[in-house]
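The sequence and the structure are shown next.

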Amino acid sequence: MATATCWQCGTFLERIITPVSRREECSQCKTDIHACKMCLNHDAQNRTGCDEERAEYIVDKERANFCEYFALSSRAFDDTKLDKQRRAKAQLAALFGDDTEDNSESHTSESHDLDSASDLTKHESPAQAAERKLSELLNQ
């Protein structure tokens with residue numbers, strides 16, 4: 001049995017039976033595990049996307065395949081992608097006044113310039129406030 005981290009969502013995957021079945025999926029996001037992005041030989045800088053010279057060319061690197069040279073990688077997840085997603089969500093939440101606990105930790109200097117939940121008037125819902133802010137932005 002092996003352990004790895006899903007390349008798509010970053011979920012820690014335990015008890016993966018090796019050799020990895022083509023039908024194996026991430027328990028969280030249902031992404032295929034027997035895919036190029038989860039392989040030790042995967043190299044996005046290489047023109048074929050694979051360091052294994054004998055492997056057949058695979059078009060879709062994110063889908064399950066029948067590659068005989070598949071070796072499960074524990075370093076497939078790129079957390080910089082997750083950080084970018086969190087920052088973008090925090091900026092959107094700040095724009096529309098939906099400031100949650102998760103977003104308050106990851107505010108950037110740009111998000112402080114945006115309107116916050118303090119712009120809500122006492123008689124309007126968050127949805128109404130978001131609609132008002134959007135119409136103000138569009139000058140309507």
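Is Lys37 buried, partly exposed or exposed, and what is its relative accessible area? Lys37 is partly exposed, at 28% (buried is under 20% relative accessible area, exposed over 50%, partly exposed in between, with a 1.4 Å probe and protein chains only). The model is predicted: local features need pLDDT of at least 70 and side-chain atom pairs pLDDT 80 or more, whereas totals for chains, interfaces and linings use all residues. Residues are numbered from 1 along each chain as its sequence is written, and side-chain values use heavy atoms, without hydrogens and water.

The side chain of Lys37 forms a salt bridge with that of Glu62, at 3.6 Å from N to O (a side-chain nitrogen of Lys or Arg within 4 Å of a carboxyl oxygen of Asp or Glu). Both residues lie in the loop between β2 (12-16) and α1 (79-95), so the pair ties together parts 25 residues apart in sequence. Glu62 is partly exposed, at 38%.

**Other salt bridges**

The count of salt bridges comes to 4. Among them, Arg54 and Glu52 meet at 2.9 Å, N to O; Arg54 is exposed, with a relative accessible area of 61%.

Glu136 pairs with Arg132, their closest N and O atoms being 3.1 Å apart. Glu136 is partly exposed at 44%, and Arg132 is partly exposed at 26%.

**Exposure of Leu138**

Leu138 lies in the segment after α4 (126-137); helices (H or I, at least four residues) and strands (E, at least two) are DSSP runs, numbered from the N terminus. Leu138 counts as exposed because its relative accessibility is 52%.
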